[in-house]
Amino acid sequence: MVRFLPSMLKPLVAGIAAAVGLSHPAAAAMQDPATDPVCANVRVAFPAELSHWSMRTPLTAGHAPRNAPVLAIGRAADLRLAPLANVQPRIAPAKVPAPGSYAGLVMFQVIRPGTYRVALGQKAWIDVIRGRAGVASSAHTMGPRCTGVAKLVDFPLRPGRYVLQLTGAPTQTVAATIVRVK
């Protein structure tokens with residue numbers, strides 16, 4: 001529907017779509033505070049579970065599960081990924097990554113059962129893996145506008161060790177965090 005609008009109306013429609021939670025490529029572009037003109041004059045309060053988002057530390061993601069670093073629950077990191085061809089995924093990604101994209105793996109430990117949310121600062125395919133099996137997500141959405149959080153995906157997890165596998169990232173560094181939401 002948006003593609004038939006005059007170009008000067010597309011940003012307005014995309015902004016409205018993002019505000020009401022509709023997904024469209026133009027609406028997704030409006031999530032980036034660097035490119036969304038509304039964000040220049042807006043201070044956004046992060047949801048409580050993402051209050052640590054702006055306190056990210058650098059972390060180099062692993063090329064294989066055996067050398068994957070640990071990302072602690074409730075910590076945010078700027079993950080440095082590797083070219084896709086250099087990464088040995090734990091499982092085949094459910095979505096085929098684009099050639100020339102980036103990938104990486106990190107480990108995390110769940111102590112209490114519940115719903116855990118993976119937040120990313122850009123698009124990438126997210127797989128949460130226990131053993132050799134992927135865990136099905138329970139919800140996904142775009143991040144809050146003007147925060148730099150592009151994608152949120154929830155997973156129901158029980159205690160244990162997991163691998164967070166990211167594939168198909170368009171750039172080498174992606175902001176990421178994992179938090180317990182319920």
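1. Let's start with a rule: a charge sits over a ring if NZ of Lys or CZ of Arg is within 6 Å of the ring centre and within 35 degrees of the ring normal. Arg56 gives an example, with its charged end over the ring of Trp53, 5.2 Å from the centre.

2. A word on where this comes from. The model is predicted, so local features need pLDDT of at least 70 and side-chain atom pairs count only at pLDDT 80 or more, while totals for chains, interfaces and linings use all residues. Residues are numbered from 1 along each chain as its sequence is written, and side-chain values use heavy atoms, leaving out hydrogens and water.

3. Now the overall layout. The protein chain has two helices and eleven strands (DSSP runs numbered from the N terminus: helices are H or I with at least four residues, strands are E with at least two). Along the sequence the pattern is α-α-β-β-β-β-β-β-β-β-β-β-β.

4. How much of the chain is buried? Of the 182 residues, 38% count as buried; that means under 20% relative accessible area, with exposed being over 50% and partly exposed in between (1.4 Å probe, protein chains only). Among contacts with a separation of 6 or more, 72% come from residues 24 or more positions apart, where contact means heavy atoms within 4.5 Å.

5. Next, the sheets. Strands of a sheet pair through backbone hydrogen bonds, either parallel or antiparallel. Here, two strands pair if DSSP finds at least two bridges between them.

6. Strand E9 (residues 151–157) deserves a look: five of its seven residues are buried, so E9 is largely enclosed by the rest of the structure. Strand E5 (residues 114–120) runs antiparallel to E9, joined by seven bridges, and Val118 stands opposite Val153 in E9. Strand E8 (residues 139–142) also pairs with E9 in the antiparallel sense, over four bridges. There, His140 has Val153 as its bridge partner, and Met142 has Lys151.

7. Stay in strand E5 for a moment and find Thr115. Is Thr115 buried or exposed? Thr115 counts as buried because its relative accessibility is 12%. Leaving aside residues up to four places away in sequence, Thr115 touches several residues, including Ser138, Asp154, Phe155 and Val181.

8. Another open sheet has five strands in the order E3-E4-E10-E6-E7, with antiparallel pairing. E3 (82–83) and E7 (133–134) stand at the edges with a single partner strand each, so one side of each has no neighbour in the sheet. Strand E6 (residues 125–130) and E10 run antiparallel, joined by five bridges; Val128 stands opposite Leu164 in E10.

9. Finally, aromatic rings. Rings of Phe, Tyr and Trp (its six-membered ring) pair if their centres lie within 6.5 Å; planes under 30 degrees apart count as stacked, over 60 as edge-to-face and the rest as tilted. By this rule there is one aromatic pair: Phe108 and Tyr162, stacked at 5.5 Å centre to centre with 20 degrees between the planes. The pair links distant parts of the chain, since Phe108 is in strand E4 (residues 102–110) and Tyr162 in strand E10 (residues 160–169), 54 residues apart. Phe108 is buried at 2% relative accessibility, and Tyr162 is buried with a relative accessible area of 2%.
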